[in-house]
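Hello! Here is the structure I promised to pass on to you. Have a look at it first, and then read my notes below.

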Amino acid sequence: MNTIAFSYNPEEMVASCIISYNNLEFVGTAQCHPEDEEFASERTGCTIAELRARLKMLKYMKNGQLKPILEAFKHTMSCMKMSKHFNTRSYEARMIRRKIKQYETDLENIKKEIEICNNNLKTYIDGKDKIYKKLKQARSK
């Protein structure tokens, strides 16, 4: 289970988010751009920090967990194939092929999740930027 903790420093306009996952901590931070200081908010900073921490966690899951396990299963299968006693229809061979397929699917799903999270972060920041530009234009008139 993930636990999430937020902190916000109003003087420095810096938000941070810590996501705990499997006894590891992933930290995301967000600092207000100097041009947007008048619009700084805790909610915006914490949202951006959380998305960044979530991205770090997903990338760890992909590169630190799924890829090594998948490579290990593929290596095991290739080593088994070298044996003169290897039977492609054996229970073990079928189970390893199923596990390989499962981890390949999990890897594709996590890649999609990373892409979605990247898009969400970009969309959120771009949306805030558009709003801030409109407000600045309206104030200058």
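**What I found**

At 16% relative accessibility, S16 counts as buried (buried means under 20% relative accessible area, exposed over 50%, and partly exposed in between, with a 1.4 Å probe and protein chains only). Before I go on, please keep in mind that this is a predicted model, in which local features need pLDDT of at least 70, side-chain atom pairs count only at pLDDT 80 or more, and totals for chains, interfaces and linings use all residues. Residues are numbered from 1 along each chain as its sequence is written, and side-chain values use heavy atoms, with hydrogens and water left out.

Back to S16, which sits in strand β2 (helices, H or I with at least four residues, and strands, E with at least two, are DSSP runs numbered from the N terminus). The side chains of S16 and S7 are joined by a polar contact of 2.5 Å. That term stands for a pair of N or O atoms within 3.5 Å; within protein, one must be able to donate a hydrogen and the other to accept it, and residues adjacent in sequence count only if both atoms are side-chain atoms. Setting aside neighbours within four places in sequence, S16 is in contact (heavy atoms within 4.5 Å) with A5, F6, S7, G28, T29 and A49.

Now move along to the loop between β2 (14-21) and β3 (24-31), where you will find N22. N22 has a positive phi of about 50° although it is not a glycine, and with a relative accessible area of 49% it is partly exposed. N23 lies in the loop between β2 and β3 too. Its phi is positive as well, at about 65°, and N23 is not a glycine either. Is N23 buried or exposed? With a relative accessible area of 82%, N23 is exposed.

Next, the helices. How do α1 and α2 run relative to each other? The axes of α1 (residues 42-82) and α2 (residues 91-140) come within 9 Å and cross at roughly 160°; axes are lines fitted to C-alpha atoms, for helices over the stretch in contact, and angles run from 0 to 180 degrees between N-to-C directions. The two helices α1 and α2 are therefore roughly antiparallel to each other (angles over 145 degrees count as roughly antiparallel, under 35 as roughly parallel, 65 to 115 as roughly perpendicular and the rest as oblique).

T44, in helix α1, is buried, with a relative accessible area of 11%. The side chain of T44 makes a polar contact of 3.3 Å with the side chain of K128. Not counting residues up to four places away in sequence, T44 touches Y124, K128 and Y132.

L121 belongs to helix α2 and is buried at 11% relative accessibility. Which residues does L121 touch, not counting those up to four places away in sequence? They are I48, L51, R52 and L55. L121 and L55 are 66 residues apart in sequence, and 9.4 Å apart in space, C-alpha to C-alpha.

Finally, L66 in helix α1 is buried, with a relative accessible area of 12%. Apart from neighbours within four places in sequence, L66 is in contact with M61, Y103, D106, L107 and I110. By contrast, L66 and S140 are 74 residues apart in sequence and 52 Å apart in space, C-alpha to C-alpha.

Enjoy exploring!
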